[in-house]
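Here is a short briefing on a protein model. Have the sequence and coordinates open as you read.

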Amino acid sequence: MPDAWRWDPTLFRGSAAYYERGRLPYATGFAEALAGALGLDGRGRLLDVGCGPGIVVLPMARYVTEAVGVDPDEDMLAEAERRAGRLGVTNARWVAARAEDLPAGLGTFRAVVFAQSFHWTDRDQVAATVLRMLEPGGAFVHVSDLKEPAPEPAPSPGPPYDRIQDLVRRYLGPVRRAGQGVLVDGTPGGEAAIIERAGFAGPERLVVPAGEVVTRTSDDIVAWVFSRSDSAPHLFGDKLPEFERDLRTLLTTTAPDGGFAERLPATEIRIWRKPAG
């Protein structure tokens with residue numbers, strides 16, 4: 001975990017209702033590309049740790065016998081279950097637990113996925129546990145937006161992210177908030193060394209291209225703000241209505257018609273393997 005920070009249950013409190021709308025989607029076809037790279041054929045089991053509202057595990061469910069989503073936030077799991085119903089996914093189940101609670105009696109898996117969630121965990125402990133939970137030759141998978149190179153700028157106006165962050169800091173202070181604590185130095189990196197130290201081989205790297213320009217509304221950008229751990233609704237306390245009013249004023253000033261252009265980033269997938277022997 002980040003130095004001097006400890007996880008607590010409020011990390012994403014109140015964010016579940018905003019997550020799907022607020023976050024940009026992964027690249028179209030990422031699930032098919034990942035299933036191909038893993039050789040998934042409709043058999044076996046897949047685990048998504050820190051699954052949130054099921055953004056990754058639900059499209060992956062068609063490629064396995066059972067998909068399991070684990071998250072400590074029960075509102076996120078309730079949202080995932082609602083989405084599963086809407087999408088007609090019947091082979092997914094949901095477990096309220098932290099990554100540190102694994103193996104939690106869940107059995108073995110062909111693949112264990114972390115979609116931008118591994119950095120919130122006790123990474124050495126979790127990587128070692130995942131190794132034991134995987135079948136021989138099974139995969140530890142990390143899914144994220146491709147950071148470098150950054151996508152080409154979309155046509156103006158784009159969301160005023162720098163000014164939004166300034167507004168958040170004005171309300172919540174200069175140091176990034178996370179649950180009841182703060183992240184003085186942000187979230188940690190260096191995960192490849194940790195995963196390899198646990199006994200995995202790799203990684204194999206897969207980039208699924210995107211690049212389409214989408215139009216986002218002011219409501220979408222407000223949802224993005226409230227979907228984040230550093231600006232989750234509960235952090236604002238009784239100033240939440242005032243903050244949202246100021247946020248919407250900023251957005252209207254930037255784009256009076258309420259439309260913002262964004263270019264979808266590519267999706268980066270890294271796969272480490274448990275030795276087959």
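The notes below cover the sheet, the helices on it, the cores and one glycine.

This is a predicted model, where local features need pLDDT of at least 70, side-chain atom pairs count only at pLDDT 80 or more, and totals for chains, interfaces and linings use all residues. Residues are numbered from 1 along each chain as its sequence is written, and side-chain values use heavy atoms, with hydrogens and water left out.

**Sheet**
- Seven strands form an open sheet with mixed pairing, in the order 3-2-1-4-5-11-8 (strands are DSSP E runs of at least two residues, helices H or I runs of at least four, numbered from the N terminus; pairing needs at least two DSSP bridges).
- Strand 3 and strand 8 are at the edges with a single partner strand each, so one side of each lacks a neighbour in the sheet.
- Strand 4 and strand 5 pair in the parallel sense over six bridges.
- A111 has A139 in strand 5 as its bridge partner.

**Helix packing**
- Helix 2 packs on the sheet and touches strand 4, strand 5, strand 8 and strand 11 (contact means heavy atoms within 4.5 Å).

**Cores**
- The largest nonpolar core has 33 residues; L38, L40, L46, M60, W94 and V141 touch the most other members (a core joins buried Ala, Val, Leu, Ile, Met, Phe, Trp, Tyr and Cys through side-chain atoms within 4.5 Å; buried is under 20% relative accessible area, exposed over 50%, partly exposed in between, with a 1.4 Å probe and protein chains only).
- Helix 2 gives the largest share of this core, five residues.

**G202**
- G202 sits in strand 8 (residues 201-208).
- G202 counts as partly exposed because its relative accessibility is 41%.

Technical notes
Axes are lines fitted to C-alpha atoms, for helices over the stretch in contact, and angles run from 0 to 180 degrees between N-to-C directions.
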